[in-house]
Amino acid sequence: MKTDTVVIGGGIIGCSSAYYLTRAGVKVTLIERRGIGEGTSGACDGFVMLQSKHPGLPLRMAMRSAEMYQGLEEELGYETQYRRNGGLVLIENEEMREIVEPVIREQIREGVPVEFLNNAEIRRMEPLISTEVAGAAHCALDGYTSPIHTTRAYAKRFRDLGGEILTDTAVTDIVIRGGEVCGVETSRGTIEAKRVIIAAGVWSPYLGEMAGIRIPVKPRRGHLMVTEAVEHSLHKILLCARYIAIKHDPSLAEKASDPTFHLGVSLSMEQTLNGNFLIGSNREFAGYDLNTRLEILRAISEYSARFVPAVKALNVIRVFTGLRPFCEDGSPIVSSVPGIGGLYIATGHEGDGIALAPVTGKTVADMVTGRETEFDMTPFAFSRFAEKEAAEGGRT
Ligand SMILES: Cc1cc2nc3c(=O)[nH]c(=O)nc-3n(C[C@H](O)[C@H](O)[C@H](O)COP(=O)(O)OP(=O)(O)OC[C@H]3O[C@@H](n4cnc5c(N)ncnc54)[C@H](O)[C@@H]3O)c2cc1C
């Protein structure tokens, strides 16, 4: 079998890359060892949030992606459930305010329209929020999409445009000759291709090994709880300041005395279109283990009720975990691979892969087709690790 470009991974990053590549006229085969959206993209929230992004390239790309999300459902012709109702970062106490205010002020300087609210103003916007919450930052451009609908929408439109999807097919080797990609070996045979995109989320390091490179990504587990569906009463997506604090500085959790903080628990909450509340979450390194931990679920229940006491009355109908693809320096990799012609990597988006999927897929397509990318992608280049290792080697 022969194609032009193979995309490995049928999560949101692989599906969006496959779609934008096909839209740019490239013949693409997407290979997924299970089903579309059965990895992390089917086990997560769908916040398309600006306030949670690092100022700099991640924030600028998130702003572009949020813009792309607005017209996406119409463009793809399939449901994504994207809606822009705004988002709140709830500030629990003065300690948290001191940590997040500088980050948010930096975001404002970069052009994100954020307003700070006091408790009365928050409760006028969202009456469910506790009177104990000290304050909040509100951004009207924050929104929510259904990760699984969006992933499938990309895959379906990709197929409509002539793209080929092979599910239940695992890539078992990446074939490289004379420093150039020649194709992949799969559980169903060989596929010749002159380009390969590794978009396999937390499993990308295994694909890297096949190509003889180290992709420094590891799974960072998060728990989520789904409640019964109830009448719509929460309009915004909610995070807390601690979420931003832990994301930007994971060591804060290790030092914390509050047991929920120590477990890496912070708040994420939204009410889906069906009326279910989706409540999370935590961050922990536990390898590829997808089991849930009761102490984490208890901590999430207790902690989330501090912000929205009404959730105490809701029945939880399902709990699950997902594995965020965490890159060792905290930034994604969206890049070609120096020394291996035709090999590209798009992974390591940690808790931002849904938000950044449109802009990542478009950037991959621009790189592969030799067009100028919209952003200077140097901070997300794969070469940064080799440079770091060389610098460290030089010091020892
Ligand atoms: C609890 C939680 C909450 C989150 N909330 C948000 C949020 O609100 N907003 C946000 O933007 N992001 C969020 N994220 C992050 C987001 O879910 C991820 O960044 C994103 O889903 C990663 O997508 P991906 O395509 O890189 O990986 P995946 O969706 O995991 O896709 C990779 C695919 O590669 C396939 N694969 C692996 N090996 C092979 C092989 N050898 N051959 C073929 N196929 C292979 C896998 O089966 C898998 O389907 C959250 C994550 C978690 C866990």
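Predicted model: local features only at pLDDT ≥ 70, side-chain atom pairs only at ≥ 80, totals over all residues.
Apart from neighbours within four places in sequence, the contacts of Gly11 are Gly37, Gly39, Thr40, Ser41, Thr151, Ala199 and Gly201.

One of these contacts, Thr151, is among the buried residues of helix α6. This helix covers residues 147-160 and reaches 20 Å from its first C-alpha to its last, close to the 20 Å expected. Of its 14 residues, 10 are buried, so α6 is largely enclosed by the rest of the structure. The buried set includes Ile148, Ala153, Tyr154 and Phe158, and also Arg152 and Arg157. Among the elements that cover these buried residues are α1, β2 (28-31), α3 (72-76), β8 (164-166) and α12. After α6 comes Gly162, with a positive phi near 105 degrees.

The largest nonpolar core has 114 residues, and those with the most contacts inside it are Ile8, Val89, Leu90, Val196 and Val364. Helix α12 (residues 353-368) supplies the largest share of this core, 9 residues. The core lies between domain 1 (5-42 + 148-216 + 329-395) and domain 2 (87-138 + 219-323), because both give residues to it. Val364 touches Ser17, Tyr20, Leu21, Ile197, Val334, Tyr344 and Ala346, with residues up to four places away in sequence not counted.

Conventions
Residues numbered from 1 in each chain as written. Core = buried A, V, L, I, M, F, W, Y, C linked by C-beta atoms within 7 Å. Buried ≥ 20, exposed ≤ 12 C-beta atoms within 10 Å, placed from the backbone. Helix = DSSP H or I, 4+ residues; strand = E, 2+ residues; numbered from the N terminus. Domains from an automatic or database assignment. Contact = placed C-beta atoms within 7 Å. Expected span 1.5 Å × (residues − 1).
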